[in-house]
Amino acid sequence: MAEHFDINELHWLLDIVQSIDVGVVVLDRDYNIEVWNSFMENHSGIGSDQASRQSLFALFPEIDQSWFTHKVETAVMLGTRAFTIWEQRPNLVHFKSYQPITGMADEMYQNVTILPLRSSSGSTDHVCLIIYDVTGVAVNKRQLESANTKLQELALRDGLTGLLNRRYWESCLEREFARHQRYDNAVSLVIFDIDHFKRVNDTYGHQTGDEVIRATARITSQLVRETDFAGRYGGEEFVVLLPGTNLDGAAQFAERLRSTIERQQLEHNGTPLTFTISLGVAALGDDMADYQALLERADKALYQSKEQGRNRVTLHTQLPD
């Protein structure tokens, strides 16, 4: 047979409620506050005397009232607990975060349990809210997700230039080829390399050579659209994949890139260093069996630019038959 608490034991329970490091709020069925523990006092700045008999929604207007009442009423109707988690809704009430690890969080992240309270007669005439501070967990998870995202990004990018690495941009090219086959949308490719790059390395050293490569990548990144894919082919060779761009549009882009890089000056021991690029441009056509054919055509056009004296743009359609 179950034993009943005497009045002293109830006082102990109240002491526990006051001292635990979670928020405890008891509401009547009109959402007025009847119990307000020290956690709530400390984080809200509202004493229990001030909170008593006040509407929860009056004290915390940030609560989405229709969502919250629906959640509570469903829990009461079913007679079961309900939960909200920070990943779906960061917090129920706006409390500042004071934890030292939470440089990423100005506000407390919260999990909330909604607990219907039955009276001795079996009716549910009160609801208890238990508010957990999960800021540490949330911030750690966000930091981990951010780190994983950065690692994934790094795995797709070339270490020296920050452009897409060959494996990734070639997969983008393969995907655009498949899309072209299905929707017949325009896709163009620009391949270019730095003119006389070996001479730059031999004359100025590999560090300067790397700076030339980085400068080329930087300018390329500035000129491409968000929908384009700029990548490093290898060594001093680069590619730009231009979805939704016909051959004429790609030729205009290539010429703008060529002239911008031609005007670029790097400083080497107080002396300005200039360099140029040669470019080949091709567009996807219905006669191409696979995406490799587009690469080959752009590469042939690049070769023609080099044969014709470098620092120029050649379109695949300009090549002799």
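**Group meeting talk: strand 11 and two other spots**

Hi everyone, let's start with a strand pair: strand 6, residues 187-194, and strand 11 pair in the antiparallel sense, with seven bridges between them. Please keep in mind that this is a predicted model. One of the residue pairs to look at is isoleucine 191, whose bridge partner in strand 11 is glycine 280.

Strand 11 itself covers residues 277-283, and six of its seven residues are buried, so the strand is mostly covered. Strand 11 also has a parallel neighbour, strand 12 at residues 313-315, joined to it by three bridges. There, leucine 279 stands opposite valine 313 of strand 12. And what do strand 11, helix 11 and strand 12 make together? With helix 11 spanning residues 291-307, they make a β-α-β unit, and a left-handed one.

Now over to a helix pair. Helix 8, residues 197-204, and helix 9, residues 206-223, have axes that come within 7 Å and cross at roughly 140°. The two helices are therefore oblique to each other. On the helix 8 side, the contact uses Phe197, Val200, Asn201 and Tyr204, and these meet His206, Thr208, Gly209, Val212 and Ile213 of helix 9. Sorted by class, that contact has five nonpolar residues, four polar ones and no charged ones.

My last stop is asparagine 165, in the loop between helix 6 (135-156) and helix 7 (166-183). Is asparagine 165 buried or exposed? Its relative accessibility is 18%, and the cut-off for buried is under 20%, so asparagine 165 counts as buried. Leaving out residues up to four places away in sequence, asparagine 165 touches Ala155, Leu156, Arg157, Asp158 and Arg232.

Conventions: Residues are numbered from 1 along each chain as its sequence is written. This is a predicted model: local features need pLDDT of at least 70, side-chain atom pairs count only at pLDDT 80 or more; totals for chains, interfaces and linings use all residues. Side-chain values use heavy atoms; hydrogens and water are left out. Helices (H or I, at least four residues) and strands (E, at least two) are DSSP runs, numbered from the N terminus. Buried means under 20% relative accessible area, exposed over 50%, partly exposed in between (1.4 Å probe, protein chains only). Contact means heavy atoms within 4.5 Å. Axes are lines fitted to C-alpha atoms, for helices over the stretch in contact, and angles run from 0 to 180 degrees between N-to-C directions. Angles under 35 degrees count as roughly parallel, over 145 as roughly antiparallel, 65 to 115 as roughly perpendicular and the rest as oblique. Ala, Val, Leu, Ile, Met, Phe, Trp, Tyr, Cys and Pro count as nonpolar, Asp, Glu, Lys and Arg as charged, and the others, Gly among them, as polar. Two strands pair if DSSP finds at least two bridges between them. A crossover is right-handed if, with the strands pointing away from the viewer, the path from the first strand over the helix to the second runs clockwise.
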